[in-house]
Amino acid sequence: MKENKYTPFLYILPAFILVFAFRFIPIMLTFIVSFFEWTINGAGKFIGFENYAHLIKDPDFWTSLVNTFYLVIFVVPLSIVLSLFFAALLNQVKHLKGFFRTIYFLPFVTSLVAVSIVWKIIFNQQSGLANFFLAKVGLGPQGWLAESRGIFTLFFSHFGIHIPTWLGGPSLALFCIIILTVWKSLGYNTIIYLAGLQNIPKEMYEAAEIDGATKTRQFFGITIPLVSPTSFYVLLMTTITTFQAFAQIYLMTGPPIGGPLKTTKVIVYYIYETGFDNQNLSYASAVALVLFIIILALTLWQKRLERNVTY
Amino acid sequence: MKWFKSGIIYIILLACGLSMIVPFLWMITTSLKSQTDVNEGNVGFIPIDRYQTYTMDGKTYRVQIVLHKGSHSIANLYDSDGNLAKEYQRIPNSKIQQVKKFKLHWENFKTAFQKVPFARYFINTIYVAIITLFGVLITSALAAYAFARMQFFGREWIFILFISMMMVPEPVFMIPSYILLDKLGWIDSYNALIIPWLANIFTIFLFRQHFKSIPAELFDAAAIDGCTRFGMLWRIVLPLSKPVIATASIFSVIGSWNSFMWPLVMTNSEELRVLQVGLSYFSQEASSQTTLLMAASTFSILPLVILFLFAQKQIIASAASTGMKD
């Protein structure tokens, strides 16, 4: 076919310009800005690694990092276990499958802003559903989003045991955020798992049945290994999304946002706060870069793990 | 034994499903309560109006107690239209009747919708979503077509560059994006909400995978018939790609509709607020008016829920396909 050798570039050009201008340049700028004094009013002088040196000594940065890790460490396993459980159950049934899929998937299409507002009211101490249910089962009311004590501290103090603060775990307020985030992620992960489960050949189970393997043995011996590519995908996606949690913190906590006692301040909210509330764009860029490096490292690590484990 | 086992599975599924939708049910029932009902501690799922009445000379009035005085109360009486009928009546407590009545307060939706310009927010959101959708489909179809079916210098490198850009999460490049859009003078304009999102790398990736799967014979035949490059895209590739276009469209619309952090940062003025940002400001302004907040949350998720209920097969299949490895 007669063709100008520049024709393919014409097809790529619109997307290329947009990606270059609004992805590539900003990502490169993140590096550059973090080495300069830079406020809303514009660039200042070159300051080298000053932001990074400050970062290491910044207690708020470490607090937000710890809170983010709490969030990820709780949300990811809970979401994976629950969604695999739901998917395995859904895979067993013949009737009402569509109905169940619909209700499980509903949180996925709803906006995080709207559901955060709803969950904030659910966790309201006076007029919330959470304390209403606690009262129904005969338990005392909790402070929920206003409670800065760690969940392990609260749990053990129930039995009269005092544990050191650093062992206290995420605050109850952060745990409310964890519940919402798990709930929001379940629908999508369940659907992904369901698709993964349907790819497992039926013959596998039939063969196991003949060998006399129990349902439990089948689940751990066949289902979990064979669904592991899906598990890695779900693990990676849920980890990356949870690291970026922002809307639920912005809408559910405070005032001041990130409270009580900064126990729900996460890294992306810290970027937002330093960048736009305190107008220190260069410091915010340095924090953003740290977030990027963490996510990149985790992605590469998970990819490596996947190569070594997949069946 | 078998029916017993599957019965248990259904019960577990139903219980878990219920816990998934309880927040939505409660959102809707709370949005239909009166604020006094909520403030007086009705947390449950049934909207109930509680009030007191007093019957005098064969007419029933609503009672608003001003002062308790032993066995009597001083109260204002209102007629059935809510107008003040009699002021400071001395009435015996034993004659006051407690009334509990089931009532749905649909007016909460109207009040919430009018309290802040939600109509404007809806229009902004729809406008941004539609323009972004068309932009994404056009730029992605063109680029994916070149990546999938053309030979050119640097093709793999450009594609790898694209994919690595896709891996970078939004919060990482948001601060410099703000600086860039500020330099362009786009902060607080539709440009800031739309133009950076007109290319979607994930959609390019999705389209490329699909375009590659179209048999080469179709293109050869079209070339013999004298079809141009663009003609092939228009007449062969796109008609064969309807499902993947639907998938990309659904994700684009859901993404635009629910995007929050970007419009929050990039716009300030009220006229430019999209739904999510407007809702977030509303939740701060009306933080004590639970019923209005629930009503606003309900109508802001309603369009996507309706879309979902109509196109759920496609949406769920699309979501599942994103998790499939090639």
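## Domains of chain B

In this predicted model, the C-alpha centres of domain 1 and domain 3 of chain B lie 36 Å apart. Chain B is divided into domain 1 (2-37), domain 2 (48-102) and domain 3 (117-285), with bounds from an automatic or database domain assignment.

Residues are numbered from 1 along each chain as its sequence is written, and chains are lettered from A in the order in which they are written. Local features need pLDDT of at least 70 and side-chain atom pairs count only at pLDDT 80 or more, while totals for chains, interfaces and linings use all residues.

## Where the chains meet

Here, 73 residues of chain A are in contact (C-beta atoms, placed from the backbone, within 7 Å) with 71 residues of chain B. Helix H1 (residues 7-33) of chain A gives the largest share of chain A's side, 19 residues; helices are DSSP runs of H or I, at least four residues, numbered from the N terminus. That side divides into 59 nonpolar, 12 polar and two charged residues. Nonpolar means Ala, Val, Leu, Ile, Met, Phe, Trp, Tyr, Cys and Pro, charged means Asp, Glu, Lys and Arg, and the others, Gly among them, are polar.

## The largest core

The largest nonpolar core has 153 residues, and A:Leu71, A:Cys176 and A:Val287 have the most contacts inside it. Such a core is a set of buried Ala, Val, Leu, Ile, Met, Phe, Trp, Tyr and Cys residues joined through C-beta atoms within 7 Å; buried means 20 or more other C-beta atoms within 10 Å of the residue's own, with C-beta atoms placed from the backbone. Domain 1 and domain 3 of chain B both give residues to this core, so it lies between them.

Methods: Contact = placed C-beta atoms within 7 Å. Helix = DSSP H or I, 4+ residues; strand = E, 2+ residues; numbered from the N terminus. Buried ≥ 20, exposed ≤ 12 C-beta atoms within 10 Å, placed from the backbone.
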